[in-house]
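Work through the two exercises below with the structure at hand, trying each task before reading its solution.

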Amino acid sequence: MAQGIAETRLSVTIWLRRIGLVVGLLGLGALYGWALRGVEFDLFSVFKYGGKFFELLGRMYPPDFSPLPNLVRPLLQTLQMATLGTFIGALMALPLVVFGSQLVVRSAVIYWPVRTVLNVMRTIPDLLYAVLFVAAMGFGPAAGVGALSFFACGIIAKLTSESADNINPKPIEAVEAVGAGKLQVIRYAVLPQLIPAYIDHVIYVFELNVRVSAVMGYVGAGGIGMQLTTAMEWRNYPQVLTIALLIFALVLVIDLLANRIRDAFVQGIAWPRPLRFLGLGALVALITWAFISLEIDVDRLIRGVDYFRNLVWAIITEPATEYLGLAIQRMVQSVQIALVGTTISFLISVPLGFLASRRHVGMPVVFAVGMKQIPNVIRAFPELILAIFFIATFGPGPLAGVLAIAIHSVGTLGKFNAEIVEKIRKEPVEALQSSGASRLQIFRYAVLPQVLPEFLALFIYRFEISVRAASVLGIVGAGGIGSLINEAQSYRAWDIVGICLVVIIPTVMVIDFLSARIRKKLIEG
Amino acid sequence: MGLEALSPFCIPLLYSFKIGVSMATPILRIRNLTVIYPGVHPVKALDNVSLDIYPGEFVVVAGVSGSGKSTLLRAINRLAENDHARIEGEIYFDGVNVLKASRRQLRELRSHIGFIFQEYNVVERLPVLTNTLVGSLAHVGLLRSLLGRFPREQIERARQALVRVGIPQPRHGDRAARLSGGQKQRVGIARALMQKPKLILADEPVASLDPITANVVMNIFKKINEDEGITTIINLHDPVLTFKYGKRIIGLKGGRIIYDKPISAINRETFEEDIYGTGDSGD
């Protein structure tokens, strides 16, 4: 009897689970149907006009190197902006890290406000900072440095305080056990663990900043992006290619250097003393050089602070509420662009991840190494440049944004997917081999269960980043709330820019929060 | 030092006192097995090993780490090839030449050999039941298995196997990651039982477990061997467990068999000195 009841209960749960699955699949279908409509995505036009993309590339070839002498200075300026922005951002991040984690001050009165500031800073996308700083300080590299500093500060502070939360408590206990004071504990147990992480994050953000710095000129914040915009507007395609190649080369060189330095830090390779001083000297020289040649004057800084005070004041006292509906509508489109773009990227990156990893596929090593370079090359092209190219192909609108995100995200998703596949534990694979399972069965039961949750978690994380990107791609005409910001900016309607901020910040925060919850669930089960 | 005479190339003896064990044909026949891991410094992990294992035997392979125990077991089902090992010699399992088997034949062979790993090798993210069902993959249709639709009777068998090794029904739906080490190893054994194995190979199955759990798990192996007569070969480095559970003990040192005797014929003290001792008598 009891057996019978147990069985009925079991079959009921099975049915409930099946119904849940069907409902979930229908919901997912509806979500994507809605998103695809929202971004005006149709495969027909992708294929119909896709050829034009290559036509465009054809018109760019051969690149026109004659303006090269005039491009050296903007290129250097791009690098200077990135350097200075990262440096200032890294300094600004320090107090936020110290007071934003519970290492030093355990009082919630300090901890929570700092964390909130940090979270708000992190929600604002790179180019939106640029728009705001250009509005505040006028055109030129000074605005770029300001924007990059804040952008860098948000990420560095966030990543480092996460590292601080995950610090190994055992050394702390050991140092406390010998009777050390609080500051001694920080000096001997916390900092030795935290400083490598901090430096690692600073280097990572520097890489990001070089990419952002290269396109900031589009909104007038200095750097080589200005030249790119001009060339694009004049339809001087050979020159566009030259500038794109220059940016590509700069990013590649910086990535390469950064990787070398990071590896040295991570592996704790002790540099010989003279080399260390040389490196430090070069760094100081670079920052000083950047500082002097960018000619940042204090008056404009003060004016900038004034502007921000007015902006915040305007948002609070006289918000442009009549634009709230429109802003929300465009923000929804931005989220749709991010969703569709990231999904397409995911569909490309999963097979790429398997092909680019040397294990479990049995591909020749040369092939895998070749596949691995695809994401590296893609990553060197900023989203914005891709978006500009796609707008030239498909016309302005959300489709260009979708494609820009879809292609650019392959850079990170493909790279990390390959790393996930390479990290697979081989023990379960052997267990299945030893029981006589076939290759497909091994894939289904030993490989897929290990990689799929990680793939999905990575996808969702990338979606977070794509939402930020999608909310500024409109500045160049690729749909979403960025288009509203662009219009408002050209009419100097700062109250509308304000209302856009009011919409973007909470949306990104909610998406970040949900994403973190889902990822945690996926990974920990 | 008198042992030295016994150690090289000890030829396996027939144990006529083993009642109820068929002596006619060995289930596993190993001749001149040499395994080399190539590389800049090639390592000869096994050196000219010959062995006969008879149906129903419970064999413990003893030796320090690096003596070639794992390589021996991993050569039998050719798992060692995953580590690019070169396997030379002859291995006959149930009359089939293992080293000459095609991929398909190898899969068939492997499906009759249950393998148990030191690190359990469960798929952490899959439920306990699915981890057990994995043992039946070789005999479930490809499409069914890819869709995860296992036959009812296999599910029933998996549940029985789990209960038998001491994982109660309510835990069958848990993710394997939530189990303790001892429980994971029980799942590993249940997975092997699903294969209806003719031979069980266990590579240091209790090395990662505490002494009490280790005994519990060793008792499971013992019971399976006694109840169903499944031939079992277990690698152990712990002399206490070796003497407690082994019925026939094979001593490995430096990739060679230096001992092959029933437990009753072994002088424990000299054995320990010879197998685990640091004296250079072996070389």
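A polar contact is a pair of N or O atoms within 3.5 Å, and within protein one of them must be able to donate a hydrogen and the other to accept it. The model used here is predicted.

**Exercise 1.** Describe the interface of chain B and chain A, going from its area to its polar contacts.

*Solution.* Begin with the area: about 2500 Å² is buried between chain B and chain A, and 52% of this lies on carbon and sulfur atoms. Of the area that chain B buries against chain A, 24% is supplied by B:Arg125, B:Leu137 and B:Leu146, more than any other three residues. Next, take the residues in contact, which are 33 from chain B and 27 from chain A. Then turn to the polar side, where nine residue pairs are in polar contact across the interface, counting pairs with both residues at pLDDT 80 or more. On the side of chain B that touches chain A, the largest share, four residues, comes from H4(B), and the residues of that side divide into 15 nonpolar, nine polar and nine charged. Finally, there is one salt bridge between the two chains; A:Glu430 forms a salt bridge with B:Arg74, with the closest N and O atoms 2.5 Å apart.

**Exercise 2.** Check the span of helix H4 (residues 108–123) of chain A, and find which of its residues are buried.

*Solution.* At 1.5 Å a residue, the 16 residues of this helix should span 22 Å, and because its end C-alpha atoms are 22 Å apart, the two values agree. The buried residues of H4(A) are A:Tyr111, A:Val114, A:Arg115, A:Leu118, A:Met121 and A:Thr123. Their cover includes helices H3, H5, H6, H18 and H20 of chain A.

Note on methods: Residues numbered from 1 in each chain as written. Chains lettered and ligands numbered in written order. Predicted model: local features only at pLDDT ≥ 70, side-chain atom pairs only at ≥ 80, totals over all residues. Heavy atoms only, no water. Helix = DSSP H or I, 4+ residues; strand = E, 2+ residues; numbered from the N terminus. Expected span 1.5 Å × (residues − 1). Buried < 20%, exposed > 50% of the residue type's maximum accessible area, 1.4 Å probe, protein only. Contact = heavy atoms within 4.5 Å. Buried area = accessible area lost by both parts, 1.4 Å probe. Salt bridge = Lys/Arg side-chain N within 4 Å of Asp/Glu carboxyl O. Polar contact = N/O pair within 3.5 Å; in protein donor to acceptor, adjacent residues only side chain to side chain. Nonpolar A, V, L, I, M, F, W, Y, C, P; charged D, E, K, R; others polar.
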